[in-house]
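Here is a friendly walk through one protein model, written for someone who likes to check contacts and angles alongside the coordinates. Please have the viewer open as you read.

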Amino acid sequence: MGLSSHELLTNSSGAKVTESDGVQDVPAPGEGRAGRICGPQPVPFVPQVLGVMIGAGVAVVVTAVLILLVVRRLRVPKTPAPDGPRYRFRKRDKVLFYGRKIMRKVSQSTSSLVDTSVSTTSRPRMKKKLKMLNIAKKILRIQKETPTLQRKEPPPAVLEADLTEGDLANSHLPSEVLYMLKNVRVLGHFEKPLFLELCRHMVFQRLGQGDYVFRPGQPDASIYVVQDGLLELCLPGPDGKECVVKEVVPGDSVNSLLSILDVITVILPVCAEVPMVAFTLELQHALQAIGPTLLLNSDIIRARLGASALDSIQEFRLSGWLAQQEDAHRIVLYQTDASLTPWTVRCLRQADCILIVGLGDQEPTLGQLEQMLENTAVRALKQLVLLHREEGAGPTRTVEWLNMRSWCSGHLHLRCPRRLFSRRSPAKLHELYEKVFSRRADRHSDFSRLARVLTGNTIALVLGGGGARGCSHIGVLKALEEAGVPVDLVGGTSIGSFIGALYAEERSASRTKQRAREWAKSMTSVLEPVLDLTYPVTSMFTGSAFNRSIHRVFQDKQIEDLWLPYFNVTTDITASAMRVHKDGSLWRYVRASMTLSGYLPPLCDPKDGHLLMDGGYINNLPADIARSMGAKTVIAIDVGSQDETDLSTYGDSLSGWWLLWKRLNPWADKVKVPDMAEIQSRLAYVSCVRQLEVVKSSSYCEYLRPPIDCFKTMDFGKFDQIYDVGYQYGKAVFGGWSRGDVIEKMLTDRRSADLNESRRADVLAFPSSGFTDLAEIVSRIEPPTSYVSDGCADGEESDCLTEYEEDAGPDCSRDEGGSPEGASPSTASEMEEEKLILRHRRCLPQEPPGSATDA
């Protein structure tokens with residue numbers, strides 16, 4: 001087969017032979033491989049052609065794509081712009097939409113969650129619905145801001161009462177004094193003519209600090225009303241020292257040395273669902289452990305004094321009888337009616353404290369009686385009490401309850417036993433509580449705490465600041481629980497505010513220890529502080545990492561939602577003052593109270609924007625704050641650092657080079673001179689040290705200091721060791737308290753003991769009767785005859801027979817009209833007049849002091 005002139009041939013040795021125009025180049029013998037390497041090489045053209053083809057193809061494809069896009073662009077007609085703006089759902093809007101949809105689906109079935117008659121087969125479905133409801137609530141909560149407590153002024157009607165301009169013009173007293181007197185419990189329930197007549201006999205008495213108004217043993221026949229300043233009621237103790245048992249503020253009255261020791265409380269329900277009868281019996285049971293307690297309601301009044309006892313014609317007599325009961329009992333509980341009846345109005349007038357009782361698991365609502373209460377001239381202390389089921393969730397939305405009630409001065413959360421919410425008939429309920437009353441009240445129950453608050457026997461726990469040394473607080477708390485000492489109020493500074501907030505939320509030292517240990521472990525991390533470093537203009541750290549650690553513990557909990565009343569202390573560097581926080585965001589104020597200067601920036605108060613720092617700079621152990629909040633006994637635990645006092649004396653001047661040489665020279669004597677940082681720290685704590693010495697020497701404070709000086713401020717890694725030190729110290733201290741009488745003194749109501757002693761002293765000093773006995777004679781309301789016979793047959797002390805009738809003998813029994821049987825009205829009146837004169841001569845009181853109003 002022939003070969004063309006452009007064919008390529010290959011020989012056996014792999015050499016290429018090219019034939020062109022009949023001339024054949026054949027390698028010469030001996031040239032071999034070297035000749036092929038060194039000879040001229042032909043330029044290949046195949047890769048060039050291939051590259052050109054690829055480039056052309058890419059250009060064609062790109063051009064085609066561009067042409068296609070242009071054609072499609074030209075073919076698509078332009079759509080006219082819509083008339084209105086285009087709305088686009090955000091992710092948050094979609095979440096809220098589905099959250100509302102979930103709530104609509106489960107809203108109809110929420111009522112079945114509390115139905116006790118539901119079968120066990122439907123319980124899983126109810127739990128599922130409850131979970132869906134909680135999810136929906138969490139979803140919808142992102143659009144709600146955390147509510148804050150709103151400060152409100154009382155309405156003008158509270159101050160103006162029912163006095164007219166003519167009444168004010170005809171009185172010798174200033175208008176503000178008349179308004180104040182009208183709202184005093186002793187005077188306010190009188191009719192206006194009688195009230196104005198009493199005011200005409202009012203005289204002013206100016207007293208200096210340390211002056212006495214009257215002393216025990218003097219005649220008790222005048223009424224004193226504090227217009228300005230502060231009046232203290234002091235009674236001598238066993239050691240001869242005077243003890244302050246009550247402080248009388250402007251607007252309060254001092255009408256009897258005995259009656260000011262009483263506690264008159266009114267119980268007012270928010271709604272009909274509140275178990276008022278069971279609540280009143282529970283509170284009475286707890287109060288009886290403190291002192292003699294009397295429960296009064298409209299049914300009891302009618303049963304004891306007759307069906308006409310609440311009529312308007314019996315107004316004055318009923319007032320005298322109630323005054324007698326208040327003098328005879330340490331505590332009097334008034335239970336209002338369900339509506340604004342004359343008895344309800346009288347209860348509000350008589351009250352020293354009004355308890356507004358609601359259900360914590362219900363929506364915050366305002367009862368009808370409360371709406372009337374806002375416009376009623378009643379100056380009694382008003383407290384909101386929210387009841388919670390024993391197995392229910394913790395308190396929430398307390399701020400909303402308080403914002404609806406500008407007249408409430410405080411609130412309390414009570415975890416109630418199951419028997420309180422049980423549905424029983426009145427007979428079964430009283431049968432149940434007869435068994436309850438046969439047992440002693442549990443001192444750790446919330447009703448016992450309420451009883452101590454009402455009677456001024458609150459036990460407060462105050463925890464001081466000191467960094468990691470504050471972990472010993474939890475050990476002392478554990479020992480305190482084992483010793484059986486209840487805690488009614490918690491407060492603290494710095495690390496004490498953190499531990500105190502945990503305990504106020506958990507009410508258990510074990511759970512407090514668990515949560516505090518987890519937080520202390522996070523404080524030993526090295527990476528988070530390093531990432532939080534910043535340019536040190538205000539502080540070394542931005543504070544974000546520390547904020548996250550505190551927020552992880554408390555979340556968005558409000559101070560108002562804690563089980564126990566709580567407060568903490570910060571230093572306001574904007575106003576150069578101490579700030580006490582009793583409401584608001586819990587984690588923010590705890591963080592503010594733990595803000596060390598130089599390390600963390602001040603926290604801006606969300607209420608007014610003031611800059612807040614560590615409270616230890618101004619009050620590291622705020623026992624005095626707890627005392628001002630009504631605590632009878634304050635257990636104060638100090639964990640602050642102890643400054644060295646054996647410093648070196650260096651003369652009139654000091655050289656830094658000399659100090660440096662002393663420190664570097666191992667053979668030189670060491671000198672103790674504070675550096676600049678320590679000097680700044682000591683200057684910051686100067687006022688705190690002075691205040692601490694005052695607390696140590698006070699009679700109301702039980703000062704404790706565990707041996708924790710060997711631990712440093714940042715030794716959070718030694719949590720268990722510091723806890724054990726506090727626990728062992730607490731066991732030793734509280735063990736001594738248990739063997740002695742310290743705990744019993746804390747739980748004993750001193751006012752009840754002083755009341756009994758004063759009454760015995762009055763009987764010995766003044767064997768004749770006084771004003772109270774005269775009121776009893778005048779105000780006796782005759783009950784039905786059957787009730788008298790029943791009461792006498794049972795052998796009980798009769799509240800229907802006066803001493804006057806007892807002295808007159810059985811021949812002077814009265815009929816319902818009040819005249820002796822078988823006597824004419826004139827004869828009866830003459831007999832009554834003679835016997836009243838005789839009784840008055842026997843009971844003639846001494847002359848009252850001329851500087852006060854005759855009672």
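Leaving aside neighbours within four places in sequence, Arg517 is in contact with Phe719 and Asp720. Arg517 sits in helix 20, which covers residues 509-523. With a relative accessible area of 34%, Arg517 is partly exposed. The model you are looking at is a predicted one.

## The chain as a whole

How many helices and strands does the protein chain have? The count is 34 helices and 22 strands. The chain has 855 residues, and buried residues make up 41% of them.

## Helix 10 against helix 17

Helix 10 (residues 276-288) packs on helix 17 (residues 446-454) at an angle of about 65 degrees, and the two axes are 8 Å apart. The range for roughly perpendicular runs from 65 to 115 degrees, and helix 10 and helix 17 are therefore described as roughly perpendicular to each other. Their crossing is right-handed.

Which residues meet at this crossing? From helix 10 come Phe279, Glu282, Leu283, Ala286 and Leu287, and from helix 17 come Phe447, Ser448, Leu450, Ala451 and Leu454. As background, an α-helix has 3.6 residues a turn, so residues three or four places apart point the same way.

## A closer look at Glu282

Not counting residues up to four places away in sequence, Glu282 touches Pro417, Arg419, Leu420, Tyr433 and Phe447.

## Helix 19 against helix 23

The axes of helix 19 and helix 23 (residues 586-593) come within 7 Å and cross at roughly 150 degrees. Angles over 145 degrees count as roughly antiparallel, and helix 19 and helix 23 are therefore roughly antiparallel to each other. Helix 19 passes helix 23 in a left-handed crossing.

On the helix 19 side the meeting residues are Ser497, Phe498 and Ala501; on the helix 23 side they are Leu586, Val590 and Ser593.

## Two residues with positive phi

Ser494 has a phi near 55 degrees, a positive value in a residue other than glycine. Ser494 lies in the loop between strand 15 (489-493) and helix 19 (495-506). Its relative accessible area is 10%, so Ser494 is buried.

Gln555 also has a phi near 55 degrees, again a positive value in a residue other than glycine. The loop that holds Gln555 runs between helix 22 (544-554) and strand 16 (566-572). At a relative accessible area of 43%, Gln555 is partly exposed.

## Checking the length of helix 12

The buried residues are Leu318, Ser319, Gly320, Trp321, Leu322, Gln324, Gln325, Glu326 and Asp327.

## Cysteines and disulfides

A disulfide is a covalent bond between the sulfur atoms of two cysteines. How many disulfides does a search of the whole structure find? The search finds 0.

Two cysteines to inspect are Cys347 and Cys416. Cys347 is buried, with a relative accessible area of 0%. Cys416 counts as buried too, at 1% relative accessibility.

## Glu197 and Ser171

Glu197 lies in helix 9, residues 192-200. With a relative accessible area of 36%, Glu197 is partly exposed. Glu197 and Ser171 are 26 residues apart in sequence, and the distance between their C-alpha atoms is 9.6 Å.

Definitions and conventions
Residues numbered from 1 in each chain as written. Predicted model: local features only at pLDDT ≥ 70, side-chain atom pairs only at ≥ 80, totals over all residues. Heavy atoms only, no water. Buried < 20%, exposed > 50% of the residue type's maximum accessible area, 1.4 Å probe, protein only. Helix = DSSP H or I, 4+ residues; strand = E, 2+ residues; numbered from the N terminus. Disulfide = S-S within 2.5 Å. Axes fitted to C-alpha atoms, helices over the stretch in contact; angles between N-to-C directions. Parallel < 35°, antiparallel > 145°, perpendicular 65-115°, else oblique. Left-handed = near helix turned anticlockwise from the far one by under 90°. Contact = heavy atoms within 4.5 Å.
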